[in-house]
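These are my notes from one sitting with a structure. I put it up here before the entries.

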Amino acid sequence: MNQAAPAPKENMGNPIPRVDAGLKVTGQAGYPADLAVANVAYGVLATSNIAKGRISALRLDKARAMPGVLDIVSVGDMDGVDKPKFGNTGASSIGPLHDRTIFHDGQIIALVVAETFEAAEEGAMQISADYTQETPSASFDSAGAEMEPAAGKSPLFKEDVNAGDFEAAYSTAAVKIDQTYSTPTQHHNPIELFSTTAMWQGDKLTIYEPSQNVTGWKIELARQLNIDPVNVRIVSPYIGGAFGSKGPMTARTAIVAVAARRVRRPVRCVVSRMQAFNTQTYRAETRHRIRIGAGKDGRITAFAHEGWEVTSRPDPYVVGGTSATGRMYDYGSVLTRVSLVHADRNTPGYMRSPPETPYVYALENAMDEMAVALGMDPVQFRRINEPQKEPIGGKPFSSRSLINCYDQAAEAFGWSTRDPAVGSMRDGDWLVGMGCATAIYPTAAAPCAARVRLTADGQVRVQCGSHEIGTGVRTVAAQMAAERLGVDIDKVAVEMGDSALPPAPVSGGSISTASVCSAVLKACEAVREKLFVAAAGNDGPLAGSGNAKLDMTNEKVVTETGKSAKLADVFKAMQIGAIEEYAEFAPNGSSPEALKKLYAGQAEFHGGDQDKDSVKYAFGAEFVEVRINSYTREIRVPRMVGAFAAGRIMNTRTARSQLMGGMIWGIGQALHEATEIDQRHARYVNRDLQDYLVPVNADIKAVDVILVPEVDHEVNPAGVKGLGELGNVGTAAAVASAVYHATGRRIRDLPIRIDDLIT
Amino acid sequence: MRINGQVYNLGLDNRTSLLDALRDHVGLTGTKKGCDHGQCGACTVLIDGKRVLSCLSFAVMNEGREVTTVEGLASADDSLHPMQQAFIDNDAFQCGYCTPGQIMSAIGCISEGHAGSEDDIREYMSGNLCRCAAYPNIVAAILQARDEMRRA
Amino acid sequence: MRPFVFERPTNISAAVALVSSFADGRAPTQADVQFIAGGTNLADYMKLGVARPRRLVDLNDLSEPALRQIRISDGTIRFGALVRMGEAADRGDVKRHCPLLAESLKFAASAQIRNMASLAGNVLQRTRCEYFRETSWPCNKRVPGSGCAAMEGLNRQHAVLGTSDACIATYHGDFAQALIALDAVVDVEGRHGTRQIRFAKLHQLPGDTPDVETDLAADEVITAINVPFSEWSRRSRYLKIRDRESYAFALASAAVALDMDGDTVRQARIALGGVATVPWRARLAEEALVGKRLDQSAAETAADAAFAEAKPRRHNEFKVPLGKRTLVRALIETRDMKV
């Protein structure tokens with residue numbers, strides 16, 4: 001055991017090393033752009049350098065004349081191809097090569113295909129366009145930006161939640177705040193570049209592309225190309241970080257497929273880091289107004305959260321985090337309202353904890369302000385407002401270990417040593433500040449299928465079209481199968497990341513472990529049942545034992561009384577060599593069409609605040625210490641502690657790593673990350689990792705993750721709450737609170753930088 | 001050019017980066033492209049024993065040099081390099097994409113003598129971004145491997 | 001990237017001959033030919049289409065041993081032009097005689113880049129201005145006369161000192177701040193022979209011609225950097241303030257060396273990074289300290305003098321107070337060094 005492999009506590013699985021670790025440390029794990037393809041041609045995108053207007057002339061001659069250039073796909077070359085659709089699977093409705101309209105900066109205007117990458121790249125550089133330009137609207141305050149209520153505009157956000165009479169309660173509250181907060185544009189920037197490799201064999205198309213949703217993409221790509229989904233296969237065995245960016249399919253996939261068809265050979269297009277900022281999705285900037293009213297005793301009587309989000313001109317992408325913030329505490333009354341602002345930008349998409357990262361940041365920063373206004377310890381303030389039921393629908397929480405998390409994290413952090421007086425703590429030239437915040441993430445699951453095969457020699461194969469984006473889903477699926485089938489994990493092979501496998505939902509919303517493990521569990525139970533019937537049957541090696549009390553361990557079927565039969569002997573009795581079971585899991589409350597939708601590439605999420613019986617969330621508490629140089633005001637985070645409860649923990653190693661990574665993401669949100677927009681031109685300016693800063697190794701010192709035991713049988717059969725998106729919720733607010741504690745400056749607009757503290 | 005001990009005679013475009021030469025022409029795709037502009041460290045390899053960024057080097061400039069990639073680390077019997085094992089033991093990655101670059105950089109960090117303390121390791125490993133943010137585990141892995149490599 | 005001819009000469013004169021041999025007898029330009037050593041700046045800009053040389057002359061096979069040596073003698077540290085940043089940063093004698101030099105190298109870029117980048121190439125690195133890097137923006141430095149998108153654009157990273165109406169791009173290097181503070185001299189060889197250039201004359205203010213960045217002709221190559229040092233340059237350091245702890249350009253930096261007589265400043269050497277268009281010697285600040293007792297107030301007076309002429313734009317106003325505080329902190333920390 002080492003720090004990376006915490007000893008399991010109650011309801012936690014062993015910290016087994018990742019089953020694909022060996023491949024990853026030797027360079028053998030095949031990410032989509034690594035997969036060898038014979039006779040491949042290289043594609044490079046050319047993109048617009050205006051944000052709004054029409055292409056009046058596209059100049060391709062110089063590029064066509066370049067040695068090695070094979071073909072150029074541009075506007076007008078998408079005949080017979082349908083436009084992309086905006087929705088769960090499609091990133092945007094913008095079909096960049098379908099017409100001459102420019103909707104945003106960096107929009108694809110052509111794909112140059114050449115014998116070599118170098119020729120394609122130089123070809124793309126030689127493409128120019130004349131435009132009829134219009135003045136673009138960059139963001140919230142731009143002329144021409146259009147605002148509308150978000151509720152009902154997207155299936156993701158049906159309504160603004162409300163409870164009680166906010167205005168009345170707020171007007172009479174003894175203590176109140178009314179503040180605005182904002183979060184900037186952010187890009188996922190996984191280290192793996194985006195890429196598409198398209199290959200046709202007759203009318204069959206294979207795509208290698210990093211994807212969080214191979215089944216959904218298969219269906220959507222077939223629709224765009226007007227071909228039978230049976231003829232489309234999406235392959236994505238390893239994904240080099242995703243964070244939401246590889247969930248929605250972008251227009252490029254079909255464009256590369258068209259190019260491959262035209263040049264009659266495979267085409268690989270690896271998108272540059274710069275171009276990815278505009279051709280993929282991102283987290284749009286948000287604004288918030290929060291009003292909180294409370295009695296002198298600290299009980300919140302009134303809570304209002306209004307949010308504004310930017311989206312593209314045609315697509316109503318919304319995150320709407322008020323459904324979580326509106327249920328966070330025991331508010332006496334709730335008023336929420338979310339608005340969308342359409343600007344001339346590429347369509348945003350989901351990015352790690354899409355609603356919670358910005359909305360809970362605003363709420364928790366406000367909670368800290370409110371605690372200050374009340375003269376109350378911020379932990380105590382949250383304790384006082386801990387609800388028995390959520391305030392919107394009055395439903396119970398399936399489990400809620402928030403206070404337990406606060407207690408454990410506060411203890412480990414040494415919160416009691418904090419002097420609450422602002423600016424009171426110092427270490428030499430460094431001002432010291434401490435802050436805390438709540439993390440919350442809805443627990444959901446979606447229908448999922450899996451196939452499990454057990455052979456007489458104890459080998460297990462698990463097949464599931466889910467996606468290994470670094471979460472460890474391959475490992476926990478293997479663990480689940482190994483545990484239920486009583487074999488060593490080394491004997492379990494897991495196949496994922498291929499639309500030819502049994503379908504799994506999009507790997508988003510922290511649903512994968514719950515959904516995949518529930519499906520694998522169900523398939524394993526069916527395998528066990530067959531074995532048990534045979535083992536305990538008249539001709540079986542455990543005849544007369546009664547199969548209800550059998551179990552599997554050490555490649556044996558065992559009885560309660562200690563009798564056992566080797567797997568090989570059970571198989572021998574059955575006169576077969578393998579058992580293979582295909583299972584379809586659907587969460588409680590699934591619609592009759594849920595499984596049909598799974599095969600159609602649509603995930604029907606259940607859980608969170610959508611269920612009738614209870615609301616289902618995972619919780620955590622995060623504590624942060626900041627140090628701010630008294631001269632130069634740079635902000636550093638020497639240590640942070642997070643305690644999280646998320647139902648059954650399948651593997652303490654992968655769970656801790658995900659939560660730790662999330663907390664460090666929170667540091668990036670708080671202090672580093674922002675996509676800067678030139679407001680005059682609606683163009684991103686810092687489109688690379690030189691100027692879009694994310695934390696580096698030296699920024700991160702002590703990160704302590706506490707896994708708080710929690711048992712919740714209500715959430716799903718596996719008892720698992722997702723935690724991939726829990727860790728980074730709240731962190732930025734904890735940092736903002738700590739910065740206030742150190743300096744007396746309340747920074748409400750992220751990121752918090754030297755600029756904010758120097759004068 | 002010698003790559004992992006083997007001589008390659010490659011007829012390449014002058015414009016081809018060492019990174020693209022390794023990936024597209026030699027078939028060694030363990031070395032990763034994360035930015036192609038020297039900003040992420042995913043393409044780190046050793047040239048004549050020193051860690052460098054293969055994306056910022058034209059392949060043609062490396063004629064006659066010895067290049068070591070992640071594929072060249074395991075010993076003849078396929079047993080892992082202590083750094084590779086330490087990365088597994090300490091869960092020093094999640095998605096694994098930056099990992100080959102981290103491992104090559106970590107080996108360089110130790111051989112340069114910059115792994116004396118945790119703070120040194122953090123500073124001298126800051127040229128390798130990990131978006132999954134496994135940084136504390138990477139530092140732990142390097143400490144483990146450093147001690148094992150010293151013993152060996 | 002434009003296709004280029006690749007040359008790999010084996011001595012300096014052959015390298016110079018390669019860049020002097022143009023048929024029409026005219027002086028070569030950077031579009032004709034560029035030298036490459038580490039490539040960390042040039043390869044990046046070639047990929048971006050900012051640099052498009054037709055010929056590349058690789059200096060890495062030059063056989064003159066002095067190009068790869070650091071020699072310390074008679075109060076001068078002589079760095080061969082091809083010495084890599086990492087090697088120079090790690091040299092014990094450089095750290096001992098002049099910590100400022102080693103620190104300015106150590107806090108630059110990343111370990112991998114420092115292993116690649118030559119010292120001469122490092123001081124010649126071009127600005128990282130976002131609008132310069134992307135060819136779709138107007139930029140007077142890249143395309144003379146096209147305008148400056150940064151002036152009214154996002155200019156948080158940009159310079160407040162040494163700016164002109166044509167350009168506000170920051171010089172982002174660190175080592176050059178140490179060199180200009182210490183009055184370094186560079187040895188240069190070109191088709192007209194060898195010459196020495198005072199480091200302070202190497203980089204050109206943008207003025208009306210921000211495309212002209214240095215005093216070097218396209219056929220000239222730096223062969224060595226000579227840095228005079230004294231006993232007192234042991235009291236020197238480089239303080240770099242940035243948005244993250246490492247691997248980022250300076251928002252503000254200060255190179256400081258102090259010749260102290262007890263508490264009193266006999267002589268001060270000060271250069272500022274991250275805030276100016278070129279390596280920036282803060283002579284007014286130096287003068288303000290001479291003969292003074294170096295306390296907080298004297299440091300603040302010197303910092304005020306250093307930034308008296310600062311011209312901030314909309315997003316980089318913070319660099320004035322930050323630059324001042326960086327200098328004050330560097331002065332106090334250098335004063336307090338145990339040497």
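How many residue pairs are in polar contact across the interface of chain C and chain B? I found 14, both residues being at pLDDT 80 or more; a polar contact is a pair of N or O atoms within 3.5 Å, where within protein one must be able to donate a hydrogen and the other to accept it, and residues adjacent in sequence count only if both atoms are side-chain atoms.

Ground rules. I am reading a predicted model, in which local features need pLDDT of at least 70 and side-chain atom pairs count only at pLDDT 80 or more, while totals for chains, interfaces and linings use all residues. Residues are numbered from 1 along each chain as its sequence is written, chains are lettered from A and ligands numbered from 1 in the order in which they are written, and side-chain values use heavy atoms, with hydrogens and water left out.

Chain C and chain B. I noted 35 residues of chain C and 31 residues of chain B in the contact (heavy atoms within 4.5 Å). The buried area is about 2,700 Å², with 55% from carbon and sulfur atoms; this is the accessible area (1.4 Å probe) that the two parts lose on being put together, summed over both. I counted three salt bridges here (a side-chain nitrogen of Lys or Arg within 4 Å of a carboxyl oxygen of Asp or Glu). Arg65(B) and Asp61(C) pair in a salt bridge at 3.7 Å, N to O.

Chain A and chain B. I found 57 residues of chain A in contact with 49 residues of chain B. Together the chains bury about 4,200 Å², 56% of it on carbon and sulfur atoms. On the chain A side, Val25(A), Ile191(A) and Asn697(A) lose the most area to chain B, together 19% of what that side buries. The salt bridges number four. Asp34(A) and Lys32(B) join their side chains in a salt bridge at 2.4 Å, N to O.

Core. The largest nonpolar core has 259 residues, and Phe79(C), Leu101(C) and Ile225(C) have the most contacts inside it. Such a core is a set of buried Ala, Val, Leu, Ile, Met, Phe, Trp, Tyr and Cys residues joined through side-chain atoms within 4.5 Å; buried means under 20% relative accessible area (1.4 Å probe, protein chains only). Leaving aside neighbours within four places in sequence, I saw Ile225(C) in contact with residues including Phe79(C), Leu119(C) and Phe175(C).

Key
Buried means under 20% relative accessible area, exposed over 50%, partly exposed in between (1.4 Å probe, protein chains only).
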